[in-house]
Amino acid sequence: MFDWNKIDTVLLDMDGTLLDLHYDNYFWMHYLPITYAHQNNLSLEEAKQRLFADYETVAGTLDWYCLDYWSNKTNIDIRQLKTEVEHKIQWRDDVKPFLEALAASSKQRVLLTNCHPDGLATKIKVTGLDRYLDKVFSTHQFGYPKEDPRLWQALIEHHPFAPERTLFIDDNEKLLQQAAHFGIKYLLGVNNPDSQQASKTFTHFPAIDDYQHFTKQLIQ
């Protein structure tokens with residue numbers, strides 16, 4: 001699928017790409033609605049309708065990923081609530097050997113996540129994922145999410161890399177499209193970001209459900 005000799009940098013999404021997306025989906029789609037319903041004396045269905053409408057309003061913006069925004073919006077301490085389900089934070093099974101193989105092949109491993117810095121710190125604490133990466137960036141430090149073209153320019157100014165020798169891996173096809181528009185040459189989707197949900201299909205980019213094939217290629 002890729003000529004690894006032509007790739008120097010691998011930009012990696014986190015949730016769904018390195019870590020199982022089940023934790024995030026469970027929290028936002030189930031756990032928070034239950035708490036919100038209880039706090040506001042609503043049925044669970046009413047709570048979901050309200051929250052999901054709010055989600056839709058800010059989808060694709062930095063607010064969607066901002067814990068402070070949702071704490072203010074719901075009047076719930078989102079940081080504290082998320083600690084109650086930290087046990088669901090898990091690696092994807094196939095990721096660690098892949099990251100180790102990238103390092104052994106002298107590829108720079110750069111995490112680029114829309115996750116809020118506090119959420120990122122929690123996931124690092126639980127998984128130790130920073131030990132498998134060369135650089136870790138939350139888009140919040142740049143002021144734009146990956147959905148915004150300005151993020152990519154801000155990233156390359158802060159951390160120079162050659163787009164024509166870069167692979168970007170993400171489970172969101174729209175974000176792969178943004179990276180392609182910026183000029184990143186190699187793009188890869190993840191079909192099965194959530195271990196508890198059915199796989200999805202990518203239309204415009206190659207996609208995988210297991211990194212094992214690449215791991216074997218890299219260590220040959």
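Let me start with Asp68 and Arg79, which form a salt bridge with their closest N and O atoms 3.0 Å apart, the term meaning a side-chain nitrogen of Lys or Arg within 4 Å of a carboxyl oxygen of Asp or Glu. Asp68 lies in helix 3, residues 67-74, and Arg79 in helix 4, residues 78-83, so the pair ties together parts that are 11 residues apart in sequence; helices (H or I, at least four residues) and strands (E, at least two) are DSSP runs numbered from the N terminus. Asp68 is partly exposed at 36% relative accessible area, and Arg79 is partly exposed at 28%, where buried means under 20%, exposed over 50% and partly exposed in between, with a 1.4 Å probe and protein chains only.

Please keep in mind that this is a predicted model, in which local features need pLDDT of at least 70 and side-chain atom pairs count only at pLDDT 80 or more, while totals for chains, interfaces and linings use all residues. Residues are numbered from 1 along each chain as its sequence is written, and side-chain values use heavy atoms, with hydrogens and water left out.

Turning to Lys146 and Asp13, their side chains meet in a salt bridge at 3.0 Å, N to O, linking the loop between strand 3 (135-138) and helix 7 (149-158), which holds Lys146, with the loop between strand 1 (9-12) and helix 1 (22-40), which holds Asp13, 133 residues apart. Lys146 is buried at 1% relative accessible area, and Asp13 is buried at 6%. Asp13, Lys146 and Asp170 are linked in a network of salt bridges, and the whole structure contains 11 salt bridges.
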